Amino acid sequence: MDRTPSIEKELQQLKNRFRDLAAKSFQQGIYTFSGFLGMSEQDIFWQEEKGLRYAGCSLSGGCEGADRVVARFGNPEELGYEMAFPIVCIRVSPLSRKFADELSHRDFLGALMNLGIERSTLGDIKVGENQAYLFCLDSMAEFICENLGQVKHTCVKCTLSEGMEGSFLEEPDPVQIHVQSLRADAVLARVYDMSREKSLELFRAGRVYVDGRLCTNNSRQLKSGETVNARGYGKFILTGEPRETKKGRLAVEAAVYR
């Protein structure tokens, strides 16, 4: 993909930020943390990960399968203690369900952005039944709870939560597909019932990530357990081992998050 000089500058700044955090952790014997990373930023992290291992590094978004994650630098064995990620969960619910609007992810994110909050302080927003669970850096929790009083036309209240209710935990749809091979473009096309050409367009546009890494090789062979994010469509995880059908194709199972 062609990149403008400004984008290249931002990417280099992010690489430098990761290196600085790793060096500070290693030299001072402390844990350091990034802000929340989107998919493109996670790809930069994985490009640099080999050179950051000396400091110890891990990722978490506050919940299983989070799309936005924080990078932590520091090796618990060498530091002699464990430090949790600075992530908290906030429940945002309407004051009156009877008069609440139908609220979407965009509505909640827009209300937060209107408060002047930087995107890097916000993680995943899980929406359902006109309420949401928001993951954010702990440094922003008090501000959000005190200032987020309305989403769209709905008055809301914010409370700290230990985690999401069971109904908010995403349950993927189990899907079985038949493909000639585990080529990424072929599997993607079948999972989302699209043409191979449409699938290729997603790869060319840089909208496909495998385990947080940008995937530009559409012929890449996928493996069981890998997570594929197709921006604009969702994500899926290959589950189990493929088996050959009587017609010589591969039967593959996937857990699809819409």
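This report walks through a predicted single-chain model, from its overall build to a handful of individual residues.

## Ground rules

Because the model is predicted, local features need pLDDT of at least 70 and side-chain atom pairs count only at pLDDT 80 or more, while totals for chains, interfaces and linings use all residues. Residues are numbered from 1 along each chain as its sequence is written, and side-chain values use heavy atoms, with hydrogens and water left out.

## The chain as a whole

The chain holds 7 helices and 14 strands. Along its principal axes, the C-alpha trace covers about 60 × 55 × 40 Å. Of the 258 residues, 45% are buried. Here buried means under 20% relative accessible area, exposed means over 50%, and partly exposed is whatever falls in between, using a 1.4 Å probe and protein chains only.

If you look at contacts with a separation of 6 or more, 60% of them involve residues 24 or more positions apart; a contact means heavy atoms within 4.5 Å. The accessible surface comes to about 14200 Å², and carbon and sulfur atoms own 47% of that. Those areas come from the Shrake-Rupley method with a 1.4 Å probe, and for residues only the protein chains shown count as cover.

On the charge side, there are 34 positive and 36 negative charges, and their mean positions sit 5 Å apart. Lys and Arg count as positive, Asp and Glu as negative, and His and the chain ends are not counted. Each charge is placed at NZ of Lys, CZ of Arg, CG of Asp or CD of Glu.

## Two buried polar residues

Start with Asp185, which belongs to helix 6 (residues 184-191). Asp185 counts as buried because its relative accessibility is 0%. Its side chain joins that of Asn218 in a polar contact of 2.8 Å. For a polar contact you need a pair of N or O atoms within 3.5 Å; within protein, one must be able to donate a hydrogen and the other to accept it, and residues adjacent in sequence count only if both atoms are side-chain atoms. Leaving aside neighbours within four places in sequence, Asp185 is in contact with Arg196, Ser199, Leu200, Phe203 and Asn218.

Gln131 is the other one, located in strand 6 (residues 131-137). With a relative accessible area of 1%, Gln131 is buried too. The side chains of Gln131 and Arg91 make a polar contact at 2.9 Å.

## Helix residues and their partners

Met39 is part of helix 2 (residues 39-52) and is buried, at 12% relative accessible area. Not counting residues up to four places away in sequence, Met39 touches Asp67, Tyr209, Gly212 and Asn229. Met39 and Arg207 are 168 residues apart in sequence, yet their C-alpha atoms are 9.2 Å apart in space.

Over in helix 5 (residues 138-147) you'll find Ala141, which is buried at 7% relative accessibility. Leaving out neighbours within four places in sequence, its contacts are Val88, Ile90, Cys136 and Leu160. From Ala141 to Leu160 it is 19 residues in sequence and 8.0 Å in space, C-alpha to C-alpha.

## Positive phi in two loops

Most residues other than glycine have a negative phi. Lys152 has a positive one of about 60 degrees although it is not a glycine. Lys152 lies in the loop between strand 7 (150-151) and strand 8 (154-161), and it counts as partly exposed because its relative accessibility is 47%.

Asp193 also has a positive phi, about 50 degrees, and is not a glycine. Asp193 is in the loop between helix 6 and helix 7 (196-204) and is exposed, with a relative accessible area of 69%.

## Cysteines

How many disulfides does a search of the whole structure find? It finds 0, where a disulfide is a pair of cysteine sulfur atoms within 2.5 Å. For Cys155, the nearest cysteine sulfur is that of Cys158, 12 Å away. Cys155 is partly exposed, with a relative accessible area of 41%.

Cys158 is in no disulfide either, and its nearest cysteine sulfur, that of Cys145, is 5.3 Å away. At 13% relative accessible area, Cys158 is buried.

Terms used: Helices (H or I, at least four residues) and strands (E, at least two) are DSSP runs, numbered from the N terminus.
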